[in-house]
Amino acid sequence: MKEFIIEENEAGQRFDKYLAKLLKEAPVSFFYKMLRKKNITLNGKKATGKEKLLKGDTVKLFLSDETYEKFSGDTYVARAYAHLDVIYEDEDILIINKPQGMLSQPDKDGQPSLVEYVTGYLLKSGALDEKQLNTFKPSVCNRLDRNTSGMVCAGKSLPGLQFLSQLFHDRTIHKYYLCLVKGVIKEEQKISGFLSKDPLGNKVTVTMEEAPDSLPIETAYQPVCTNGRVTLLSVRLITGRSHQIRAHLAGIGHPLAGDRKYGDQSFNRQFEKYGLKNQLLHGYKIVFPRIGGSFERMSGRSFVAPVPELFQEIIRGENLEEKYYEFLERNMGICKACHSCGSDYSHHKSCGADKCKNTF
């Protein structure tokens with residue numbers, strides 16, 4: 001006989017869904033047969049499998065060790081270890097400033113991704129243990145392209161994962177990006193179109209007219225500053241399609257600096273002196289909607305991730321630094337001194353500067 005006590009990350013789900021995670025290799029019919037025969041019980045009583053689990057519930061499996069081992073399957077959960085730039089963390093939610101070059105989610109090549117790094121981080125910090133990973137796997141709730149840096153949200157607990165997933169599904173959480181583009185943009189604007197994806201070439205096409213299998217897209221942008229050749233843009237994703245910002249801006253004649261897939265190669269060569277090899281795109285801000293209930297603590301909050309060092313170097317080199325800091329102070333209450341301390345302002349600590357509002 002094996003006994004399991006339902007913990008926070010397992011509560012709130014149906015009993016049969018829990019069993020499907022616990023006994024991964026067992027057919028669904030096996031669960032219901034064992035439930036009928038009381039070989040699987042909930043709190044010492046016969047169960048149907050439709051019950052909603054509560055923290056502290058007791059599950060007993062009256063199965064032989066051989067049967068349990070046969071149906072439990074491989075419980076190994078991939079994990080990797082690396083330093084994570086944590087912007088915010090509580091018992092349910094983790095917000096990370098993902099570096100350029102790191103995958104958000106696993107791909108077919110099997111290279112470590114942010115998902116594995118989050119798992120390793122939570123195991124090392126003691127927020128999760130190996131046993132809990134049998135029935136709950138932390139995961140990221142939004143993804144960034146490998147060579148795009150910035151804010152990624154992850155669920156540390158089942159409630160946190162469900163909460164974040166719903167926000168991103170409903171598009172009620174606002175995502176903002178900084179990018180450097182070719183040409184001069186003077187006016188704030190919202191543009192729309194249709195995006196078609198070529199999965200074989202891992203490339204998308206944006207058109208003004210709807211095409212077969214295309215999806216509608218909307219992108220809003222606000223110019224931060226320009227030097228007469230390039231413009232630093234703040235972009236808000238209204239829809240969140242694959243490669244949307246890169247392809248959409250390239251489609252209107254303003255490709256991103258460093259973008260080898262959708263960009264202008266002669267324009268890109270102007271940034272080789274900085275060592276730029278990929279698109280200059282950073283998810284710098286997320287804003288939570290007004291909410292109540294158990295996650296009211298996140299209501300209306302916004303979080304900011306410092307741009308990477310190379311991005312800052314290019315901003316300085318292109319004589320955009322002064323206007324950039326003015327934009328940060330005007331729109332987010334972040335003064336230059338606070339921005340310079342990096343992790344301090346992202347963790348909501350006062351920098352001591354008179355003009356810094358620290359309202360985020």
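Me: Buried means under 20% relative accessible area, exposed over 50%, and partly exposed in between. On that scale, is R171 buried, exposed or partly exposed?
Reply: In this predicted model, R171 is found in the loop between helix 5 (158-170) and strand 8. Its phi is near 60°, a positive value in a residue other than glycine. The relative accessibility of R171 is 43%, which lies between the cut-offs of 20% and 50%, so the residue counts as partly exposed.

Me: Is D213 buried or exposed?
Reply: D213 also has a positive phi, near 65°, and is not a glycine. Most residues other than glycine have a negative phi. The place of D213 is the loop between strand 10 (203-207) and strand 11 (215-226). With a relative accessibility of 77%, over the 50% cut-off, D213 counts as exposed.

Me: Which element has the lowest mean pLDDT?
Reply: The protein averages a pLDDT of 88, and 91% of its residues score at least 70. Strand 8 (residues 174-182) has the highest mean among the elements, at 97. The lowest mean, 40, belongs to helix 11 (residues 343-346).

Me: For residues 341-350, how many contacts beyond four places in sequence does the model have?
Reply: pLDDT stays under 50 over residues 341-350, and it also stays under 50 over residues 352-360, for which the model has 21 such contacts. Where pLDDT is low, the predicted coordinates should not be read in detail. With that caution, the number of contacts beyond four places in sequence for residues 341-350 is 22.

Me: What percentage of the residues of the protein count as buried?
Reply: The secondary structure comes to 11 helices and 14 strands, and the C-alpha trace spans about 75 × 55 × 35 Å along its principal axes. Among contacts with a separation of 6 or more, 64% are between residues 24 or more positions apart. Of the 360 residues, the share that counts as buried is 49%.

Me: Which residues touch the most other members of the largest nonpolar core?
Reply: In soluble globular proteins, nonpolar side chains tend to be buried together. The largest nonpolar core here has 52 residues. The members that touch the most others are I95, L249, F288 and F303.

Me: Which residues form one aromatic cluster with F288?
Reply: Leaving aside neighbours within four places in sequence, F288 is in contact with residues that include I95, F163, M298 and F303. Two of these, F163 and F303, are also in the aromatic cluster of F288. The residues that form the cluster with F288 are Y88, F163, F295 and F303.

Me: What kind of pair do the rings of F267 and F271 make?
Reply: The structure holds 10 aromatic pairs. In the pair of F267 and F271, the ring centres are 5.1 Å apart and the planes stand at 80°, over the 60 degrees required, so the pair is edge-to-face. Both partners are buried: the relative accessible area is 3% for F267 and 1% for F271. The pair is therefore edge-to-face.

Me: How far is K285 from the ring centre of Y176?
Reply: K285 lies over the face of Y176. A charge must be within 6 Å of the ring centre to count as sitting over a ring. The distance for K285 is 5.4 Å.

Me: Which residue's side chain does H248 meet in a polar contact of 2.8 Å?
Reply: H248 lies in helix 6 (residues 244-251) and is buried, with a relative accessible area of 3%. Beyond four places in sequence, H248 is in contact with I191, S192, G193, V206, I217 and T219. The side chain that H248 meets in the polar contact is that of T219.

Me: Which backbone nitrogen does the side chain of N142 reach?
Reply: N142 lies in the loop between strand 6 (139-140) and strand 7 (149-155), and it counts as buried at 9% relative accessibility. The residues N142 touches beyond four places in sequence are M151, V152, C153 and F168. Its side chain reaches the backbone oxygen of M151 at 3.2 Å. The backbone nitrogen, reached at 2.8 Å, is that of C153.

Me: How many Å apart in space are G275 and R297, C-alpha to C-alpha?
Reply: G275 is placed in the loop between helix 7 (265-269) and strand 13 (281-287), and it is partly exposed, with a relative accessible area of 41%. G275 and R297 are 22 residues apart in sequence. Their C-alpha to C-alpha separation in space is 41 Å.

Terms used
Residues numbered from 1 in each chain as written. Heavy atoms only, no water. pLDDT = per-residue confidence, 0-100. Helix = DSSP H or I, 4+ residues; strand = E, 2+ residues; numbered from the N terminus. Contact = heavy atoms within 4.5 Å. Buried < 20%, exposed > 50% of the residue type's maximum accessible area, 1.4 Å probe, protein only. Polar contact = N/O pair within 3.5 Å; in protein donor to acceptor, adjacent residues only side chain to side chain. Core = buried A, V, L, I, M, F, W, Y, C linked by side-chain atoms within 4.5 Å. Phe/Tyr/Trp six-rings, centres within 6.5 Å; stacked < 30°, edge-to-face > 60°. Lys NZ or Arg CZ within 6 Å of the ring centre and 35° of its normal.
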